[in-house]
Amino acid sequence: MSNENTGESRVTEINSVNDQYNVVSEGKAKVLMPKDNEVFYNPIQQFNRDMSIQAINSWRLVYNEEKLAKLKRKNPEAVLPEKDGKIKIMEALAASGLRSLRYAKEIDGVDYILANDLSEEAVDSIKRNAEYNSIPEILLKTNQGDAIDVLYAHRPPEKQFDVIDLDPYGSAAPFIDAAVQAVKSGGLLCVTCTDMAVLASNNHPETSYAKYGGVALRTEFCHELGLRLLIHALQSSATRYQRYIVPLLSCSIDFYIRVFIRVFDSPKKAKDAVVDTGLVFYCNGCSSFYTQPFGARTLTGNKNLKYSAAHGPVVGTNCLACKTKLTIGGPCWISSIQDHGFASSMYEAVKTDPSRFFTNKRMMGMLKVISEEQDVPFHYTLSELCSAVKATCPPILKITSAILNLGFKVSTAHSCMSSLKTNAPNEIIWDIMRAYVNSIGKSAKIVENSVPYHILSVPPRSDIDFSIHPEANPDSRKIKLVRFQLNPEKNWGPKSRHRAPKRKM
Ligand SMILES: C[S@@+](CC[C@H](N)C(=O)[O-])C[C@H]1O[C@@H](n2cnc3c(N)ncnc32)[C@H](O)[C@@H]1O
Ligand SMILES: [Zn+2]
């Protein structure tokens, strides 16, 4: 069965080997899955596993180059000893072990992988599958334990892992403090959260604050805010230990989010947290947003960094455009969530050898869009902007061109279709929308003191140019990649926890 949205055919091949097991093939691994436990395998997460394999492979090249450069500073002839180029990976919540099996077979230069799970059934499965795939115990070690305990036991630098993968059911929050300490400086944290009802909605501000240290909002940019809340949680744990984080890739995928973040030791850089963190004031009336950092960083005369509390608030209690009361989201991470060079290197690697990944079309699509994403927090959507001024939606290229023609930048956001991610401030966006409404003729039915009334009460600027700008059509659109995912298969979504079948008494 082929799926036109994703360009993927049916996700995996499943064959029955005997009464007890099905064999699931994914990537280079074949996994024995108990027939009575369907939730053990979630095919929708194949994309997550494919992306993770490429992310770790691409990060490892950078990591080893940095190690070599360090050696070469002492001795220009130095080469990286083989053992130093090998990486130790921990999969903290490994379930069937499928991900760890694939890491063992598809990631280069692995020293060993520690596949851990709390459940005995899971650890038995990992052992059974390691044997079935002829992966030796020195390459794939297993452990049954609480991931939090295991991670804390790996805090000493000589015990730390180069990569830690957290892929829980629901929230990764309980594991974050331990994970940021158990990873080597320069190492990689790969973190999934599936609790989007908490991270990307209005329903539980108390829960998102309690778990991630920031308030989530139900907005069109809620998935990006979810990513920024998770990154904020990772950062605030890291800085406690004089470490800082660098996001390489932040992905909003189907019903979950996944981030790839490096952690480094540096008491000095940990101080940047005050500049990288802030609040967002959001207008439910017209979708304007205003970000407020907590601190500012300046360079003194003798080139020392100086931090100061930021001036604010950046806006009053009500939206400047439509006068609606603003809602506060965050604190969250407001700096870069993507390393564009890293996304491009992953894209090129997949493109060079796509057959390694079943989901290669979607990988390339997402990586291309991410590599084009503007490095500014949050975005608008065309439909929100048009509904705020009670106008029909024009082709998006018309609005992106107007933004570009004024000298600002704009892209789409991978986390939201028809989004406009731009460095143009709110006022400019409304100037453009006023000019657009003027060009099509004002709607007659605008109620006094309503959102469109306030926005359109300001006269439009005369210098808005809607003619199509040459950069309005990005590469990802031109080369017809799978840019956005629609429902990948029937009844897709997160799998719930497996409950052991009730025993007959
Ligand atoms: C979503 S599954 C992991 C899927 C796996 N990463 C993959 O890609 O196939 C979550 C697993 O976490 C395990 N788990 C839950 N709490 C845990 C804890 N505190 N420590 C270790 N494992 C835990 C569960 O037993 C379950 O197997
Ligand atoms: Zn507003």
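How many residues surround ligand 1, and which are the closest? In this predicted model, local features require pLDDT of at least 70 and side-chain atom pairs pLDDT 80 or more, whereas totals for chains, interfaces and linings use all residues. Residues are numbered from 1 along each chain as written, chains are lettered from A and ligands numbered from 1 in written order, and side-chain values use heavy atoms, without hydrogens and water.

Ligand 1 is surrounded by 18 residues (a heavy atom within 4 Å), and the closest are Glu 91, Arg 99, Asp 117, Ala 147 and Asp 167. By class, this shell comprises nine nonpolar, three polar and six charged residues (Ala, Val, Leu, Ile, Met, Phe, Trp, Tyr, Cys and Pro nonpolar; Asp, Glu, Lys and Arg charged; the others, Gly among them, polar).

Polar contacts are pairs of N or O atoms within 3.5 Å. A side-chain N or O atom of Glu 91 lies 2.7 Å from a nitrogen atom of ligand 1, and one of Arg 99 lies 2.8 Å from an oxygen atom of the ligand. At Ala 147, a backbone N or O atom is 2.8 Å from a ligand nitrogen atom. The protein buries 83% of the 620 Å² that ligand 1 exposes when taken alone (Shrake-Rupley method, 1.4 Å probe).

The zinc ion (ligand 2) is coordinated at 2.3 Å by the SG atoms of Cys 283, Cys 286, Cys 319 and Cys 322 (donors are N, O and S atoms within 2.8 Å of the metal, or 3.2 Å for Na, K and Ca). The donor residues follow the spacing C-x2-C-x32-C-x2-C. Cys 283 and Cys 319 are both buried (under 20% relative accessible area, 1.4 Å probe, protein chains only).

Terms used: Polar contact = N/O pair within 3.5 Å; in protein donor to acceptor, adjacent residues only side chain to side chain. Buried < 20%, exposed > 50% of the residue type's maximum accessible area, 1.4 Å probe, protein only.
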